[in-house]
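Subject: Handover of a structure and notes on its contents

Dear colleague,

Please find the structure below, together with its sequence. I would be grateful if you could read the notes that follow with the model open.

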Amino acid sequence: MLLKYLKWKPTAKPHGGEIPASEVAREVAQAKLCLQGYDREGRPLIYGFGARHHPARRDMEEFKRYVVHVLDATVARLPPPGPGRQEKFAAVADLKGWGYANCDIRGYLAALDIMQSYYPERLGRVFLIHVPYVFMAAWKIVYPFIDDNTKKKFVFVADKDLDRTLREAIDDSQLAEIYGGKLKLVAPPAN
């Protein structure tokens, strides 16, 4: 895996090993991801909003660079090396308002491939919340492409269990205000 990553890195990240936000400005401008807060295990959080993803207006190569940009920014938020160091991240994927216009099977598969191939074992857990029934059709297509270990990390949360589940995993100070916590989410700048 390391050799595969080392071969991929110069082509995927030609600017000194990173992709600046300005190179993925159209994706950043959608404000679909907020990289803020930590869960109770010390994992950096990504708050994602599926209804803000618009595949009809995206360029696949820019989207792939955006995925790398986000994963690198998230990994950079991990604590420094040391005993008990956390090496994974967690996410809350809010699918409220998600519909067919937001469905992006090619994009989902590309993101999964990047994460599983070049950032293996970085994902700790994803809470899928406010999941509409129509999302399950897309999930059934994507699911076979997820490796068995990663499949266990996706947690579908019923609306009735949302508050309890998120509060068990995320301290109130790190839980976004829109879920009853105290963390004010800020959209990332596209500069």
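The notes below go from the whole chain to single residues.

This is a predicted model, in which local features need pLDDT of at least 70 and side-chain atom pairs count only at pLDDT 80 or more, while totals for chains, interfaces and linings use all residues. Residues are numbered from 1 along each chain as its sequence is written, and side-chain values use heavy atoms, with hydrogens and water left out.

Overall architecture

Seven helices and five strands make up the secondary structure of the chain; these are DSSP runs numbered from the N terminus, with helices being H or I of at least four residues and strands being E of at least two. Read from the N terminus, the order of elements is α-α-β-β-α-β-α-β-α-α-β-α. The radius of gyration is 16 Å, close to the 16 Å given by the globule rule for 191 residues, so the chain is as compact as a globular protein of that length. Here the radius is taken over C-alpha atoms, and the rule is 2.2 Å times the number of residues to the power 0.38. Along the principal axes, the C-alpha atoms fill a box of roughly 45 × 45 × 35 Å.

Of the 191 residues, 46% count as buried. Buried means under 20% relative accessible area, exposed means over 50%, and partly exposed lies in between, with a 1.4 Å probe and protein chains only. Among contacts with a separation of 6 or more, 76% come from residues 24 or more positions apart; a contact means heavy atoms within 4.5 Å. The chain exposes about 10200 Å², and carbon and sulfur atoms supply 58% of that area. Accessible areas come from the Shrake-Rupley method with a 1.4 Å probe, and for residues only the protein chains shown count as cover.

Charges and salt bridges

There are 29 positive and 23 negative side chains, and the centres of the two sets lie 2 Å apart. Lys and Arg count as positive and Asp and Glu as negative, whereas His and the chain ends are not counted; the place of a charge is NZ of Lys, CZ of Arg, CG of Asp or CD of Glu. The structure holds 17 salt bridges, each defined as a side-chain nitrogen of Lys or Arg within 4 Å of a carboxyl oxygen of Asp or Glu.

One network of salt bridges links Lys160, Asp161, Arg164 and Glu168. Glu168 and Arg164 are four residues apart in helix 7 (residues 162-169), a separation of about one helical turn. Glu168 is exposed at 54% relative accessible area, Arg164 is partly exposed at 45%, and Asp161 is partly exposed at 22%.

A further salt bridge joins Lys182 and Asp172, at 3.7 Å from N to O. Both residues lie in the segment after helix 7, ten residues apart. Lys182 is exposed, with 61% relative accessibility, whereas Asp172 is partly exposed, with 23%.

Positive phi angles

Most residues other than glycine have a negative phi. Ala31, which is not a glycine, has a positive phi of about 50 degrees. Ala31 sits in the loop between helix 2 (25-29) and strand 1 (33-34) and is buried at 16% relative accessibility. His130 likewise has a positive phi, near 50 degrees, and belongs to the loop between strand 4 (123-129) and helix 5 (135-142).

Two individual residues

Trp139, in helix 5, is buried, with a relative accessible area of 11%. Leaving aside residues up to four places away in sequence, Trp139 touches Ile146, Phe154 and Phe156.

His54 is located in the loop between strand 2 (45-49) and helix 3 (60-76) and is partly exposed, with a relative accessible area of 24%. With the same exclusion of residues up to four places away, His54 touches Gln30 and Asn102. Between His54 and Leu109, 55 residues apart in sequence, the C-alpha to C-alpha distance is 15 Å.

With kind regards
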